[in-house]
Amino acid sequence: MHAYTAVIERRPCTQLCGGYVAGFRGAHSQGKTLDAAHADLQELIATLLDDGEPKLEAEFVAMQSVVVA
C-alpha cells in the first residue's frame, strides 16, 4: 500500500477540482467534484506505479495559513 498527499483546489473559472501530488511527475488530474478528482488521482497513481516506485522530485511538508494585515 502506498500513501501520498494530494493538493486539490477548485478553479473559479471552470468550477472543476484540480489536484496534484507534490513531486510526483505526471500525478495531476481534475474532476467535477472533490470525490471525482480524488478517485481520478487514485487511478492515475496506481497506473503510474505500474512502472515502479517513483523518485519524488519534492516532498509535501505542510499547508499553512498566512495572515497579512
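Strand 3 (residues 28–31) presents a covered face, formed by Ser29 and Gly31, and an uncovered face, formed by His28 and Gln30. Helices (H or I, at least four residues) and strands (E, at least two) are DSSP runs, numbered from the N terminus. The model is a predicted one, in which local features need pLDDT of at least 70 and side-chain atom pairs count only at pLDDT 80 or more, while totals for chains, interfaces and linings use all residues. Residues are numbered from 1 along each chain as its sequence is written, and side-chain values use heavy atoms, with hydrogens and water left out.

An open sheet is built from three strands in the order 1-2-3, with antiparallel pairing; two strands pair if DSSP finds at least two bridges between them. Strand 1 (6–10) and strand 3 are the edge strands, each pairing on one side only. On average, neighbouring strands of this sheet are turned by 20° against each other, direction ignored.

Strand 1 and strand 2 are antiparallel and are joined by five bridges. Glu9 lies opposite Gly18 in strand 2, and Gly18 also stands opposite Gln30 in strand 3. Four bridges link strand 2 (residues 17–21) to strand 3, again in antiparallel fashion. The hairpin of these two strands has six residues between the strands, and Gly23 in this hairpin takes a positive phi near 80°.

Methods. Buried < 20%, exposed > 50% of the residue type's maximum accessible area, 1.4 Å probe, protein only. Axes fitted to C-alpha atoms, helices over the stretch in contact; angles between N-to-C directions.
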